[in-house]
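I opened the model today to look up a few things and write them down in order. These are my notes.

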Amino acid sequence: MFQLFLRARTHNFLRDRLAGEQRFRARSPERDAETDRSRIEAIMVAIEDALHAAEREQSGLNNRVEDVLARAAVTFGNGDDEYLEREALDSHHQDLFDKEVLNGQRRLKELGASIAHFKFLKAAMLSRFPEFRSPVRNN
């Protein structure tokens with residue numbers, strides 16, 4: 001008889017315990033809104049960071065390319081037949097400057113495309129989530 005009593009109590013205990021765990025409880029709407037906002041903010045911050053980094057790289061690279069072009073202009077000289085009488089060292093430096101300028105211009109073109117893509121992503125995010133206001137950041 002004691003075993004039947006113990007078995008019944010155990011069964012009731014387990015049933016009550018499992019029933020308590022199966023109850024459905026939703027979070028508050030405020031908590032859901034905050035969770036959604038934090039997800040959107042994380043994406044916007046990542047886009048903003050990528051955009052600002054690409055713009056800084058573009059600005060710095062543009063300055064360096066302009067500097068190389070200025071140095072290359074000095075090595076060209078201004079004579080009509082300068083290219084015929086140019087020393088080998090000057091020709092070598094001119095070839096190096098040419099490579100640098102081409103690489104820099106290629107990268108500037110890539111950065112321009114990336115920046116346009118990042119701006120598009122930002123506009124798309126803001127059009128899909130118009131209630132989101134990006135936080136003011138100090139860069």
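**Entry 1**

I began with Arg37 and Glu41, which both lie in helix 2 (residues 29–76), four residues apart, or about one turn of the helix. For helices I use DSSP runs of H or I with at least four residues, strands being runs of E with at least two, and both are numbered from the N terminus. The model is a predicted one, so local features need pLDDT of at least 70 and side-chain atom pairs count only at pLDDT 80 or more, while totals for chains, interfaces and linings use all residues. Residues are numbered from 1 along each chain as its sequence is written, and side-chain values use heavy atoms, with hydrogens and water left out.

Arg37 and Glu41 form a salt bridge, and their closest N and O atoms are 2.8 Å apart. I take a salt bridge to be a side-chain nitrogen of Lys or Arg within 4 Å of a carboxyl oxygen of Asp or Glu. Side chains of opposite charge can pair when their charged atoms come close.

Arg37 is partly exposed, at a relative accessible area of 38%. Glu41 is partly exposed too, at 22% relative accessibility. The cut-offs I use are under 20% relative accessible area for buried, over 50% for exposed, and partly exposed in between, with a 1.4 Å probe and protein chains only.

**Entry 2: a residue across from Arg37**

How far apart are Phe129 and Arg37 in sequence and in space? I found 92 residues in sequence and 9.5 Å in space, C-alpha to C-alpha. Phe129 sits in the segment after helix 4. Its relative accessible area is 30%, so Phe129 is partly exposed.

**Entry 3: more salt bridges**

I noted that the structure holds eight salt bridges. One of them joins the side chains of Arg107 and Glu57, at 3.0 Å from N to O. This pair links distant parts of the chain, since Arg107 is in helix 4 (residues 88–128) and Glu57 is in helix 2, 50 residues apart. Arg107 is partly exposed at 28% relative accessibility, and Glu57 is partly exposed at 35%.

Another salt bridge is between Glu110 and Arg106, also listed at 3.0 Å from N to O. Glu110 and Arg106 both lie in helix 4, four residues apart, about one turn of the helix. Glu110 has a relative accessible area of 34% and is partly exposed. Arg106 has 43% and is partly exposed. Through salt bridges that share partners, Glu57, Arg106, Arg107 and Glu110 are joined into one network.

**Entry 4: nonpolar cores**

Which residues make up the largest nonpolar core? I listed seven: Leu51, Ala54, Leu61, Val65, Leu108, Leu111 and Ile115. A nonpolar core here is a set of buried Ala, Val, Leu, Ile, Met, Phe, Trp, Tyr and Cys residues joined through side-chain atoms within 4.5 Å. Helix 2 and helix 4 each supply at least two residues of this core. Helix 2 gives the largest share, four residues.

I checked Ile115 for contacts, meaning heavy atoms within 4.5 Å. Leaving out residues up to four places away in sequence, Ile115 touches Leu51, Ala54, Glu55 and Gln58.

**Entry 5: Leu69**

Leu69 is in helix 2. I found Leu69 partly exposed, at 42% relative accessibility. Leu69 and Glu100 are 31 residues apart in sequence, and 9.2 Å apart in space, C-alpha to C-alpha.

**Entry 6: the whole protein**

Of its 139 residues, 16% count as buried. Among contacts with a separation of 6 or more, 83% are between residues 24 or more positions apart.

I also looked up confidence. pLDDT is the predictor's confidence in each residue, from 0 to 100. The mean pLDDT of the protein is 80, and 67% of its residues reach 70 or more. Confidence is lowest in helix 3 (residues 82–85), with a mean of 57, and highest in helix 2, with 90.
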